[in-house]
Amino acid sequence: MADYSIWVLEYSYVTKYHKSGVLYGAHNQGYVKLPYCYALIKGKNHVAMVDVGYNNKEYGKALGDKFGVENWRSPKEVLAGVGLSPTDVDTVFISHAHFDHFGNVEDFPKATFYIQEREITKWVWAMSLPDRLRWMMVAIDPGDIIRGVDLARQKRLVCIDGSLENVLPNIDLHVAYDSHTYGSMWVHVRNDGKAQSSDAWALAGDLVYVFENVEGPGAVVDADQMYVPVGLAVGSQENLVMATEAMMKSVGYEARRVIPVHEERLKDRFPSRITSDGLRISEICLADGEKSRVR
Amino acid sequence: MPSSGRGMLDRAALVHRFDCPAVAEPALPQPDVADIDAAAAAALRRPYDALRRLIGQAAGLLVLAQATQRREIVDLPAVAVAREQWREVTATLADLSAPRGCERQVEHLIRAARLVGACLDALEASPTRERVDTSLALDRIAAAYRLLQLCSIDKLGLSMVDFRQSCCNCAPMTMRAS
């Protein structure tokens, strides 16, 4: 029995991203394709998303010119690939406040958004610091925070403090303080409805970028594998590794159940297809009675 | 003018104040950056960055105040810090001579600073009220953001998002490599 379907939907990508950005210490090891994606969860009369991407109107030119980000498509176009529209989305979990995750709230007019309170409080603090400490305040658009105020006024923004069970039936939110960001969040879907689930999925946000963050080479410590954190953290690598352990524990240490949304090789583990726009849809799991969107 | 037309204009003036973001302002013409030396660019960038961050701080406080309805949010030391930084940026702008071709940008920065000040005024007044009402402060800060957005000059580093350490920051490296 499975209550929820989960898809990872690509909305843009960078073809050559330095590997050390996704994998701590992977210097001079070349480049990987970095897809930009969000996750969609459908079931129990809900349509939920993990993150909403960024708004091309605001950032598209800068990202294209400076960083080679290509082929951005709107949520309307991307969600159409699984037969949905942004107005179907009732819940959004914001894994963290970076512009490419929290930068497009206006396209989801009926959704209630969940974000960690600490993600906001610490960004406020970081933005108050002098220039020499500005490394800690990057990738945040004040405009996204302003749109957050408007959401809060409409009672569509919920600031949570710590973990929260059953935010939707059998879906839990977990926090990883001071890791990739100050209040990064991951989403735990217990698809069999049990507290100790044997069919659970962890949607990792940016706590995990690629498979090697969970199944990295362990030869250096005489192990088959070990966790290797992502390359970008305003918190600590220790907290990233411990968040990985928490996610792995929540899925019974089955690495394929920790879903990284910047991973191009999801196609090697899950059924997928490329849409007419040249973007990938990966089908992580299907609820009972739900039809495949990739076959 | 027929009275109905005048009435419409009067209503428009009442609904859309001078600082209303709904009153669209045209984007400023981009100055020729070749005419701007490094020192002048840095002088412009300093208040721009300060305002960008102040807008982020104020908006973050507004999110917390509105979402949690905890009045102590607006009494946090962060509000006092923001006020001090606002004084500094206001003083910097008063002394700033606009680089050639950037006069309108500096005008916009000064207007944005005034609006940030008005937002902080509204925030500081909130503890005296029963409920935290962010509407006035939100109007001000959204207008300040819009003005700052209009005077962004990407080539001089006047950009609303600092991408330098963000997860997309890769093309400069790939360009060197290819």
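**Entry 1: confidence**

I began with the scores for the whole complex. The predictor gives an ipTM of 0.82 and a pTM of 0.87. Then I turned to chain B. Its average pLDDT is 77, and 71% of its residues score at least 70.

Which helix of chain B has the lowest mean pLDDT among its elements? I found helix α6 of chain B, residues 171–177, with a mean of 44. At the other end, helix α3 of chain B, residues 77–95, has the highest mean, 93. I also noted residues 9–19 of chain B, where the pLDDT is below 50. Beyond near neighbours in sequence, that stretch has 5 contacts in the model. Residues 171–178 of chain B stay under 50 too, with 7 contacts beyond four places in sequence. I keep a reminder here: where pLDDT is low, the predicted coordinates should not be read in detail.

**Entry 2: where the chains touch**

I looked up the contact between the chains. Chain A gives 44 residues and chain B gives 39. On the side of chain A, the elements with two or more residues there include β1 (5–18), α2 (56–67) and α5 (117–127) of chain A. The largest share, 9 residues, comes from α6(A). I sorted this side of chain A by class and got 28 nonpolar, 8 polar and 8 charged residues.

**Entry 3: two helices of chain B**

Next I followed helix α4 (residues 103–125) and helix α5 (residues 135–150) of chain B. Their axes come within 8 Å and cross at roughly 160°. Angles over 145 degrees count as roughly antiparallel, so α4(B) and α5(B) are roughly antiparallel to each other. The crossing is left-handed.

Which residues meet here? From α4(B) I listed several, among them H108(B), R111(B), L115(B) and C119(B). From α5(B) the list includes L136(B), R140(B), I141(B) and L147(B). By class, this contact has 15 nonpolar, 1 polar and 2 charged residues.

**Entry 4: strands of chain A**

I ended with strand β16 of chain A, residues 280–285. β16(A) pairs with β1(A) in the antiparallel sense, over 4 bridges. In that pairing I found L9(A) opposite I281(A). β16(A) also pairs with strand β15 of chain A, residues 272–274, again in the antiparallel sense, over 3 bridges. There, I274(A) has R280(A) as its bridge partner.

How many residues lie between the strands in the hairpin of β15(A) and β16(A)? I counted 5. G278(A), in this hairpin, takes a positive phi near 80°.

Conventions. Residues are numbered from 1 along each chain as its sequence is written. Chains are lettered from A and ligands numbered from 1 in the order in which they are written. This is a predicted model: local features need pLDDT of at least 70, side-chain atom pairs count only at pLDDT 80 or more; totals for chains, interfaces and linings use all residues. pLDDT is the predictor's confidence in each residue, from 0 to 100. Two residues are in contact if their C-beta atoms, placed from the backbone, lie within 7 Å. Ala, Val, Leu, Ile, Met, Phe, Trp, Tyr, Cys and Pro count as nonpolar, Asp, Glu, Lys and Arg as charged, and the others, Gly among them, as polar. Axes are lines fitted to C-alpha atoms, for helices over the stretch in contact, and angles run from 0 to 180 degrees between N-to-C directions. Angles under 35 degrees count as roughly parallel, over 145 as roughly antiparallel, 65 to 115 as roughly perpendicular and the rest as oblique. A crossing is left-handed if the near helix is turned anticlockwise from the far one by less than a right angle, and right-handed if clockwise. Two strands pair if DSSP finds at least two bridges between them.
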